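Please keep the sequence and the model in view while reading.

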Amino acid sequence: MKIFITGANGLLGQAVTSIFTRETGWELICSSVEDKSFLDYGNKYEKLDITDKEEVKRVINLHRPDVIVNCAAFTNVDACETERELCWKLNVDGVKNLIIAARKEDCRIIHISTDYVFDGKNGPYTEEDTPNPISFYGRSKLAAENALTTSEVNHAIVRTMVLFGIGINIKPNFALWIIDKLKAADNINIVDDQIGNATMVDDLAWGILKVVEKKQTGIFNIAGSDILSRYDFALKICDVFGFNKALVHRIKTKDLNQPAPRPLNSGLVILKAASQLGISPMDSLESIRLLKTQLGN
Ligand SMILES: NC(=O)c1ccc[n+]([C@@H]2O[C@H](COP(=O)([O-])OP(=O)(O)OC[C@H]3O[C@@H](n4cnc5c(N)ncnc54)[C@H](OP(=O)(O)O)[C@@H]3O)[C@@H](O)[C@H]2O)c1
């Protein structure tokens with residue numbers, strides 16, 4: 001099989017590239033906005049901005065992949081609130097460009113979405129629950145889902161949340177930020193009213209591999225196996241790394257005055273992925289332990 005990965009230099013893109021390279025014999029074509037791949041596995045690489053419709057058509061037509069795994073996105077939730085045009089161009093129009101190219105080449109799309117399509121009033125959510133985004137980022141991600149579900153392209157949508165893990169030149173994620181701060185003995189304020197699953201990127205990439213391998217369609221929630229507050233997650237990091245818990249202070253989301261509203265009582269029910277894909281994502285403690293090993297601590 002030939003797999004085309006967009007956003008391959010991001011956190012998830014690198015994990016997908018690594019795990020697909022290690023675990024499958026599939027031919028991978030990696031792409032991102034940078035001149036070259038951050039990983040050195042010898043896969044083909046194309047510099048590709050998914051907002052460039054003609055380039056997307058040209059590159060997909062050149063490689064004729066069986067599957068596109070779309071890991072490219074505008075992921076800064078607060079910046080999406082203020083840079084709406086850019087957010088829409090990448091998160092919605094970019095996906096539409098992939099749909100047009102995939103339709104022409106008869107190729108499947110695996111697209112990554114988020115719990116931010118929900119309002120966080122009564123999570124955890126199953127794949128059947130009705131979305132109601134409260135942020136611009138969430139609206140853009142839902143619009144991309146809708147573009148796919150109303151297209152004729154064979155596709156799967158994978159929803160995930162609070163992604164963490166390691167990678168080369170990646171943006172700081174929630175877990176790495178906490179570890180850096182506590183290692184430096186800095187005090188940190190962590191919200192105790194945002195509830196959900198924290199997801200190790202390796203587990204998500206493995207789930208995506210199963211979606212591809214089993215040729216699954218429709219929506220799948222793939223996330224860590226337990227549901228907890230961000231504050232409790234920070235305390236688990238303290239337990240595993242031996243950091244001083246007195247440095248971690250509880251606050252409420254409203255105290256942060258962030259531009260984008262957050263779904264508070266969120267979370268994703270992962271029973272469908274467990275039964276149909278045969279995956280068993282780690283819980284938060286197991287993931288943090290693995291992260292510690294990966295960091296060489
Ligand atoms: N991170 C989370 O907590 C989280 C939670 C739920 C869902 N998700 C979803 O999971 C997916 C992967 O997220 P992630 O955390 O891996 O994000 P990420 O690390 O920000 O990766 C996104 C990648 O897309 C690239 N990109 C930006 N603009 C592009 C363009 N025009 N064309 C092609 N590539 C472009 C980025 O490059 P630059 O870095 O150079 O901009 C980056 O390498 C996204 O769909 C996101 O919405 C993430």
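In this predicted model, the largest nonpolar core comprises 90 residues, and the members that touch the most others are Leu12 and Ile208. For Ile208, contacts beyond the neighbours within four places in sequence are made with Val16, Val69, Ile110 and Val158.

Helix 2, spanning residues 53–63, has Val56, Val59 and Ile60 as buried residues. These lie on the same side of helix 2 because they cover an arc of only 95° around the axis. Strand 1 (2–6), strand 3 (44–47) and helix 4 are among the elements that cover the buried residues of helix 2. On the face turned away from that buried side, helix 2 carries the exposed residues Glu54, Asn61 and Leu62. Just after helix 2, Arg64 adopts a positive phi of about 45°.

Two further residues illustrate how burial is assigned. Lys236 belongs to helix 8, which covers residues 230–241. Is Lys236 buried or exposed? It counts as buried, because it has 20 C-beta neighbours inside 10 Å, and a residue is buried if 20 or more other C-beta atoms lie within that distance. Apart from its neighbours within four places in sequence, Lys236 is in contact with Ser284, Leu285 and Ile288. Lys236 and Ser284 are 48 residues apart along the chain, yet their C-alpha atoms are separated by 7.8 Å.

Asn297 lies in the segment after helix 10 (284–294). Asn297 has 11 C-beta neighbours inside 10 Å and therefore counts as exposed, the limit for that class being 12 or fewer. Setting aside neighbours within four places in sequence, Asn297 is in contact with Phe241 and Lys292. From Thr114, Asn297 is 183 residues away in sequence and 30 Å away in space, C-alpha to C-alpha.

Notes
Residues are numbered from 1 along each chain as its sequence is written. This is a predicted model: local features need pLDDT of at least 70, side-chain atom pairs count only at pLDDT 80 or more; totals for chains, interfaces and linings use all residues. A nonpolar core is a set of buried Ala, Val, Leu, Ile, Met, Phe, Trp, Tyr and Cys residues joined through C-beta atoms within 7 Å. Two residues are in contact if their C-beta atoms, placed from the backbone, lie within 7 Å. Helices (H or I, at least four residues) and strands (E, at least two) are DSSP runs, numbered from the N terminus. The arc is that of the directions from the helix axis to the C-beta atoms.
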